[in-house]
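This report describes one protein model. The sequence and structure come first.

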Amino acid sequence: LFSKPSYLVDKNLESVVKFIVRKFPAIETRNNNVSSDNVSELLNTIDACQVFFDVTVNFDLTKNYLDLVVTYTTLMMLLSRIEERKAIIGLYNYAHEMTHGASDREYPRLGQMIVDYENPLKKMMEEFVPHGKSLSDALISLQMVYPRRNLSADQWRNAQLLSLISAPSTMLNPAQSDTVSMPCEYLSLDCMEKWIVFGFVLCHAVLNTDPAALSLWKLALQSSTCLCLFRDEVFHIHKACEDLYNKRLNDIKECKEQALSGTMHRERRKFLRSALKELATVLSDQPGLLGPKALFVFMALSFARDEIIWLLRHADNIQKKSTDDFIDKHVAELIFYMEELRAHIRKYGPVMQRYYVQYLSGFDAVILNELVQNLSVCPEDESIIMSSFVNTMTSLSVKQGIQPATYDTRLPAYTSVSKASLGIADHRELGKMMNTIIFHTKMVDSLVEMLVETSDISIFCFYSRAFEKMFQQCLELPSQSRHSISFPLLCTHFMSCTHELCPEEVRPRNQCLSLCNMFLDEMAKQARNLITDICTEQCTLSDQLLPKHCAKTISQAVNKKSKKLTGKKGEPEREKPGVESMRKNRLLVTNLDKLHTALSELCFSINYVPNMVVWEHTFTPREYLTSHLEIRFTKSIVGMTMYNQATQEIAKPSELLTSVRSYMTVLQSIENYVQIDITRVFNNVLLQQTQHLDSHGEPTITSLYTNWYLETLLRQVSNGHIAYFPAMKAFVNLPTENELTFNAEEYSDISEMRSLSELLGPYGMKFLSESLMWHISSQVAELKKLVVDNVEVLNQMRTSFDKPEQMAALFKKLSCTVLKRMTIIGVILSFRSLAQEALRDVLSFHIPFLVSSVEDFKDHIPRETDMKVAMNVYELSSAAGLPCEIDPALVVALSSQKSENISPEEEYKIACLLMVFVAVSMPTLASNVMSQYSPAIEGHCNNIHCLAKAVNQIAAALFTIHKGSIEDRLKEFLAVSLASSSLLKIGQETDKMTTRNRESVYLLLDMIVQESPFLTMDLLESCFPYVLLRNAYHAVYKQSISSSA
């Protein structure tokens, strides 16, 4: 029952404790009589007054008397079960002596009591011999109540117990008790069994003389095998009775066998489930019936509470567990309907109060007044009390407000003693009427207390293992999952499980909060798992509609046609998407049907209450589901990318988008079951996926796709395995010895890039752009190093562009890979251009008016606008996917490279020389066999066509940072690239190896000018005759036709 204090397990005190226990109580005990304590004194007074006890007449007095006896017995038994009681009391006494120099004054009496009550039942049987008459009278008065309450389910069913609709004509009539007083109707069966078992243990002699007493005792022994002493401490009835009653062993054995069957209680629970369901349904439709039928509601609650507690106690303590009578997988349903009835009473309490205020003043007061007037003898004191009571009831009024109805507790005491002039034993109708009035007054001012009295099952707090097991069984049974909310709701009862003598106890509080949290969390997990399974099924169905699956259908159709011509037997046709929706009959249930049914049942439970308060903590079941959906949706999105770091495989953006949309469609349908804001879930999850890491620090689809495109696709472009085809606006695999594991076109065409933009959104695409720009900035840093290494030669070439011989000699001194790095930059910028275009298309579809406003804003920036203001506009435009003259992301990336050791003038000079370096290196491209221009792809297989974008974007960014003239520097680039031993000079070369792709390189000039917002064709014409460009286009197209032929 209690955990041992630390000092009892201390090895240093072990010998001391043994000595104290051996010598306990170590005092003279002959004169320490404990018979004068409060309980014994009160019992003696009751016997002296010869108080009349009858639970059907003076209910409260009899109930309190029997409760006193049972509580006293229970306390003594609990005390005897504490093994270390002598050690604890003895140590306390020694500590008191050491502190105060003398023993505690009450220690001798307490020590004597511990010794006397070593065997508490036998001692109390001796002690209660003088009180046998009063106790037996009180117990025998139960013969009209207990057998009536302890009926079988069939008897209840035949009597149509608790049914409001069995007799429609009397539906509005107030519920009354015909044979016993009203409080007896909802008196706890568990409570009466305690009275009977413990009562007849203490006055066992009456069993031999009174058949009614024997009948009650046997009936109680047949009903239960154990009774609750305190919380989870139980008293095994039959074992104790066998020790006490040697002459009745056969009767006890027979009763024990019936108690162990549990069949009667199982059938009762089955009946109560249907009865409470009917009652709750009728009252939810007609709550006004709570007034006249309040007694039925409290009877139903009390009956159900007794059966649930019986099951809980016996399932945990019964020895014979092979039978299913002690395992009830439907107990959640019974608890659920109890909670529904409790909720009706709390909600419509004012309706009941108004009804009974009028009932008390309009009916009860009149009847009581008549009874009082008809009394032959009525002493003054009783007369004053009765008159006051009648006047108070008569004055009750709804208009005055509902005031607490008072009842003078002296009246039962005055009328129950043997010498009373007005004896209640002679006026039973008056007693029953007073009991009825007391019940009606409770309906006015004690509804909460009545709920605790009739339906409190906070004892579950102390059977946590059985409680959790019942919950798991409920979740496992699909038909019961809709009632699973009854377990968290039951935790609200636990606030009444602390004892009034120890209100500061925290164990029930902590356990209650932990259990409630666990139940709601498990319910949300179960719902989440069902939703995930449905999403998986829907994603599979959506996957069947992907374009890639059309090939098989088309192939089959073609083969079928050709085989018909040859007369061969065709292959069986592949099932088309949608076949799963065709039903031959309604009995056919698919897995998806089962999942939806289970989900709707569980969601009913989660949505049953908006919130519940447990120990000053508010729990919101829907928030648990929302939280779990967010976590699972996040994991599912990342999981659906199917990213494999080892093989660098990843799902196509379009396929992932299809799966995500299917997932979202299922999640949106959840709003039909539960009142949750699924849009909030989408916003929280999808917005996190647009960032590099989510709120848990895990990688998102933004980081996964950014890494894949940078480290896999673009790296293979740099290695020469993939080329950018402007005509297709996609990256395409080139024929190589080692085939790539993926098709670049399937990840970079316009539809895939649009899908990527849908998934990542503007924030994710911005992160992608920033990552691309970081790679570009690292390439520019390397280019700057090359410029610094060749700075003297480049300075001379910059001033000698009109001296071909000198330029040729100086060019030979250059050692560089500048064009390769510039090509990589161009490829990255081309990929970013695809991404930006896709983002613009997506945003134009979703927010066309906003995009058009941003575009209009960008297009009308005055030329004289300050560059900082212009860059802010460009940043806004870039975020919307609009192309800008100056790329703000590139400017930010390159500006972060500024070195502290180099002056701004020097940085500007390096930027100018970089453009010179690129210009003078361009003629070398003509000798590369891969530099041939292909009209089909509108580009070169070695991606040098991307140089046009690289030259323009890098120049614009660098000279914006260094506040130079972009137009002048590009003009210088164009002049230098055409002067001294540059492109014009290669036209005069006779070496075929040097000039084999001369025309293809010429076209780069046209591409640079077409790409640039700062250069014009007039400027190109002044440097390079257009006839050469025309001839170059003619030559490459002619060469393309001949090679294809």
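The model is predicted. Its protein chain has 47 helices and eight strands. The radius of gyration of the protein chain is 46 Å, whereas a compact globule of 1045 residues would have one near 31 Å. The C-alpha trace spans about 145 × 85 × 65 Å along its principal axes. Of the 1045 residues in the protein chain, 50% count as buried.

The largest pocket has a volume of about 1900 Å³. It is lined by 42 residues, and those closest to its centre are Thr71, Lys194, Leu229, Phe230 and His499. The lining of the largest pocket divides by class into 25 nonpolar, seven polar and ten charged residues. The elements below each supply at least two residues of that lining.

| Element | Residues |
|---|---|
| α3 | 59-80 |
| α11 | 189-202 |
| β1 | 226-230 |
| α16 | 294-317 |
| α22 | 447-455 |

The most is given by α3, with ten residues in the lining of the largest pocket.

Helix α31 covers residues 701-718. At 1.5 Å a residue, its 18 residues should span 26 Å, and the end C-alpha atoms of α31 are 24 Å apart, which agrees. Helix α31 is mostly covered, with 14 of its 18 residues buried. After α31 comes Gly720, which has a positive phi, near 85°.

How values were computed: Residues numbered from 1 in each chain as written. Predicted model: local features only at pLDDT ≥ 70, side-chain atom pairs only at ≥ 80, totals over all residues. Heavy atoms only, no water. 1 Å grid on protein atoms, 1.4 Å probe; cavity = no way out; pocket = protein on both sides within 12 Å on 5 of 7 lines; lining within 4 Å. Points joined across faces, edges and corners; volume = space filled by probe spheres on them. Helix = DSSP H or I, 4+ residues; strand = E, 2+ residues; numbered from the N terminus. Nonpolar A, V, L, I, M, F, W, Y, C, P; charged D, E, K, R; others polar. Expected span 1.5 Å × (residues − 1). Buried < 20%, exposed > 50% of the residue type's maximum accessible area, 1.4 Å probe, protein only. Rg over C-alpha atoms; globule rule 2.2 N^0.38 Å.
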